[in-house]
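Here is a friendly walk through a structure, from confidence to contacts. Have a look at the model first, then read on.

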Amino acid sequence: MSVKARSVGGGHGDPTSKAVTPDGDPVLAARLTVPTVPATFVRRDRLVEQLSDGAHSPLTLVNGPAGAGKTLLVADWVTVCEPGGVAWLTVEPQDSAPGVFWSYVLHAFRHHGVVLPDDIGSPARPGEVDHSLLARLAAWLNGRDSPVTLVLDEFDRVAGAAAVADELQFVLRHAGDGLRLVIISRTEPLLPLYRYRAAGELVDVRADDLAFRAEETVALVDRHGLPLSAEAARVLTERTEGWAAGLRLCTLAAQRADDPESFLKDFEAGHSTVADFLLGEVLRAHPAETQDLLLRTSILEETHPDLANALTGRDDAEPILEELQRANAFVEPIGHSWYRLHPLFAEILRVHLRVRHPGLEPELHRRAAEWLSRAGLLDEALPHAADAGDWELAAAELIGHLAIGRLLTGLAAERLDGLFARMAPEASGPAADLVRAARELAHHDVDQGMAYLRRAEENLPNDGADGTEDAAAVRLSCAVLRVLAARVAGSADLAEAAARDAAQAERALPAGQLERRPELTALMLTDLGSAQLWAGRFDAARSTLSAAVDAAQGRSTAFARHEALGRLALIDFLHGRPGQAEAHAREAVAEAEQSGLPVSDRTGMAQLVLAAVAIDRDDLTAAEGHLDQVAATSAASRDPIVAVELAILRSRMLVARGDSRGALPALDDMAKQALDSAEPSPWVSDRITMATAAAHLADGDPKAAVRVFEERASHSPESLVAEARARVAAGESERALGILDELPEPENEGKPGNEGKPGNEGPVTDVWGLLTRAQAVDALGDTAAAESLVLRALTAARPHHLRRPFLEAGPWLRRLLLQRPALTRDHAWLTSTLSPQPAAPRQRDEAVGPSPESLSARERDVLERLAQLMSTEEIAADLHLSVNTVKTHLKSIYRKLAATRRGQAVRRARELGLL
Amino acid sequence: MRYEIRVDGEMSDELTTAFPELDTFVVPHQTVMYGQVDDEAHLYGLLIRFQSLGLHVAEFRRLPE
């Protein structure tokens with residue numbers, strides 16, 4: 001069934017003709033426009049003075065009940081009295097999500113001609129906004145010559161959002177004289193008002209100030225062409241307590257009464273509640289058609305003549321709305337033929353609607369939803385479909401507009417998720433099931449999500465006969481969710497199959513429709529690329545993820561871009577290309593910063609890659625910082641690649657710091673876990689194997705390292721090199737050379753422009769390969785060949801400052817470099833880290849304990865070699881001692897340093913300055 | 001929790017339907033509404049409903065059980 005083909009409210013009007021503004025969203029434009037002040041408005045100098053006097057205060061508060069005249073007071077003041085930059089935003093309940101709130105504030109600045117620099121960025125997710133974005137905004141405001149006034153109308157709608165209030169306070173505090181905030185609200189905002197009050201920095205316009213005085217009442221009534229004596233004005237002011245809405249209604253009712261004077265007298269003498277009574281009176285004075293239109297359109301925030309016609313089933317809305325506007329009764333124009341009903345009157349009218357037409361409300365909501373949906377105003381349509389209880393319509397609209405991606409990413413995600421959380425379990429059909437599947441997948445409940453997805457697939461409209469646009473939208477949405485599910489399940493085959501279905505469904509869509517939903521394509525490509533990455537299809541993953549990055553710029557795709565860039569960085573790193581990896585990682589971080597993403601909401605992948613590159617360069621402090629940020633993300637527990645790689649890098653950090661024994665248990669756990677989850681990833685297991693072997697090597701147990709590879713055969717160039725390394729250390733140099741011979745000979749090391757060529761491993765793998773080969777030929781006695789290989793390794797490593805391979809190469813390399821200092825003549829970047837660290841005279845903490853018994857010269861020799869990660873056998877050979885003698889020295893070292901194992905002894909010796 | 005809320009002015013029968021959970025009677029110059037209030041969220045919701053309908057709450061008190 002086609003949504004667009006449904007008839008709407010008797011078929012009145014074509015909503016596409018006038019509904020949409022040039023920038024595509026009349027409702028948004030209305031929120032950013034300073035409301036028009038009607039001709040009957042009475043400017044009250046005492047209030048204008050109050051507002052203008054506070055021009056140097058950072059904060060102005062206009063507090064008062066509904067209908068007190070707050071909005072018009074400020075609107076009049078900013079248009080007439082306040083020169084300079086003014087940005088206006090009428091707040092909506094959805095803005096209690098900070099990301100949404102700030103993106104509209106930034107929108108308001110730009111809409112009102114305040115040219116913000118691009119580098120401030122804009123939030124891409126509804127949740128918490130990272131303070132760095134707010135700090136950039138505040139700093140920019142602070143640096144301006146003239147202040148900007150930001151008016152937030154109807155702020156009470158987000159009164160409960162403490163995060164929004166905190167962030168506003170932060171920006172206000174840091175913007176200095178650059179920002180003047182005017183808050184219009186029925187309730188006090190959650191700002192520390194006492195502090196502003198005490199500092200004399202708050203202009204406070206309250207209900208008492210807003211209330212009309214008797215002489216002001218005279219002026220108001222006079223504007224409506226009614227004469228009023230001073231005494232009558234006093235009594236009327238008393239009766240209404242100076243309440244602007246009451247006075248306005250009263251005047252309107254009196255105007256329409258046969259005898260205005262006696263009407264006023266009767267009203268003054270009466271005891272009914274003011275708004276209720278007067279509204280009834282004013283309503284009664286209008287023709288039946290007008291009353292009917294007002295009651296029916298009271299379910300809308302904003303109305304349009306065609307929309308009103310759809311609700312009344314007549315075609316007279318245009319003249320009626322124009323007449324109401326002329327009479328300044330109930331409605332105000334907000335541009336582009338749209339009108340807004342005064343919220344107070346709308347509220348009371350809704351009560352009357354329920355009394356007069358019980359049960360009509362859901363039907364009105366359904367008609368509004370259909371009209372708004374046809375006009376392309378999906379965001380406005382969905383809440384009405386929900387209020388109508390017509391969940392099949394709501395789901396069909398979301399799918400039909402290709403907006404399923406907005407449930408998963410972008411600013412609207414939280415709101416749409418909350419809206420569809422109310423969906424009735426009875427709602428059936430593929431659209432409803434797709435919405436349910438998307439919500440479950442977004443909440444990481446994969447089993448539930450898959451169950452709904454399967455049910456949706458069973459009821460999919462078929463390709464041939466029912467090849468309408470709507471059927472194509474359903475099939476495309478389903479395929480995109482299947483790609484996501486396949487990614488979670490770790491199946492590249494399923495993801496690729498689903499992506500092919502998506503491409504086929506796309507062809508049945510009218511041209512240009514998908515381009516309006518860039519997030520759908522970006523999401524699908526990112527998920528597909530992630531699945532391919534997991535499966536080790538690196539070339540396919542790289543091109544898919546690059547396509548995701550290039551798909552479309554803009555906020556709705558920012559998170560997908562952040563994720564895709566992070567994964568591209570990982571692919572670069574895995575192929576040993578630190579330069580490209582770092583560039584992609586920095587782009588990913590920049591994308592997150594621009595979007596104000598807090599660290600916890602980022603994917604962590606980019607920081608992971610930065611940490612890995614830093615470890616390779618032996619910049620352990622930087623690496624530690626990056627790893628801490630990874631651990632702070634939610635992805636660290638959910639994304640298997642992040643979880644595994646984090647454990648691997650932590651183990652590499654421990655090895656680099658001399659605690660090789662401590663590195664092993666976490667890797668063991670990982671190896672077991674990773675195999676449990678979904679479809680196993682070949683390369684992820686390889687990475688765990690390599691890290692485990694490296695830890696054994698560092699621990700001086702090359703036999704254990706070799707065993708690791710014997711249990712799991714190596715395939716990738718990286719793991720073949722790692723196996724060769726283990727074999728050389730275990731004394732199997734010939735065998736190691738055999739393994740290395742299987743690899744393509746690195747020829748292009750160090751030359752720019754060769755990075756990134758498919759099939760050509762990057763410099764990191766080359767360097768490890770060359771060093772391992774050098775160690776093997778050195779062990780076989782060919783020192784000259786070893787020297788030449790080391791020289792090539794140094795040249796390949798220099799552009800990226802890859803220190804780690806040299807640091808972990810073992811004592812043979814130190815010996816070689818000591819014998820041939822010329823080798824490192826051009827490599828100062830390396831030698832500073834390679835030369836033995838001078839024992840820094842450190843301040844000793846009491847906690848370190850009493851000075852140990854001093855070590856003998858021989859014991860020191862052994863300890864030094866221990867710190868160079870030599871095995872007992874290697875130390876024995878190096879010092880021309882027997883293995884048993886070395887073991888005796890070791891026991892004595894352990895006793896004197898109160899250590900039980902090598903890593904601990906080395907660490908303790910460093911703490912004591914013995915190394 | 002039972003509460004009694006006094007609103008300034010005499011509310012019309014139509015308007016009292018906006019508070020179906022409360023009983024209502026009118027005294028001179030005031031409307032008295034009373035009934036069960038489930039929890040604090042309900043309490044704040046009621047206050048917002050009074051405010052959005054332009055009603056002035058004169059008194060709000062908890063009744064003894």
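## Confidence

This is a predicted model. Chain A has a mean pLDDT of 82, with 91% of its residues at 70 or more.

## Domains of chain A

Where domain 3 touches domain 4, eight residues of domain 3 are in contact with nine of domain 4. On the domain 3 side, three of these residues are nonpolar, two polar and three charged.

## A helix pair in chain A

Helix α25 (residues 469-489) and helix α27 (residues 518-534) of chain A have axes that come within 8 Å and cross at roughly 30°. Because that angle is under 35 degrees, α25(A) counts as roughly parallel to α27(A). The crossing is left-handed.

From α25(A), the residues involved include A:Val480, A:Val483 and A:Leu484, while α27(A) contributes A:Leu520, A:Leu523 and A:Asp527, among others. By class, this contact holds nine nonpolar, one polar and two charged residues.

## Where the chains meet

Chain B places 17 residues in contact with 20 residues of chain A. On the chain B side, β1 (2-8), α1 (13-16) and α2 (40-52) each supply at least two residues. That side of chain B comprises seven nonpolar, seven polar and three charged residues.

How values were computed. Residues are numbered from 1 along each chain as its sequence is written. Chains are lettered from A and ligands numbered from 1 in the order in which they are written. This is a predicted model: local features need pLDDT of at least 70, side-chain atom pairs count only at pLDDT 80 or more; totals for chains, interfaces and linings use all residues. Two residues are in contact if their C-beta atoms, placed from the backbone, lie within 7 Å. Helices (H or I, at least four residues) and strands (E, at least two) are DSSP runs, numbered from the N terminus. Ala, Val, Leu, Ile, Met, Phe, Trp, Tyr, Cys and Pro count as nonpolar, Asp, Glu, Lys and Arg as charged, and the others, Gly among them, as polar. pLDDT is the predictor's confidence in each residue, from 0 to 100. Axes are lines fitted to C-alpha atoms, for helices over the stretch in contact, and angles run from 0 to 180 degrees between N-to-C directions. Angles under 35 degrees count as roughly parallel, over 145 as roughly antiparallel, 65 to 115 as roughly perpendicular and the rest as oblique. A crossing is left-handed if the near helix is turned anticlockwise from the far one by less than a right angle, and right-handed if clockwise.
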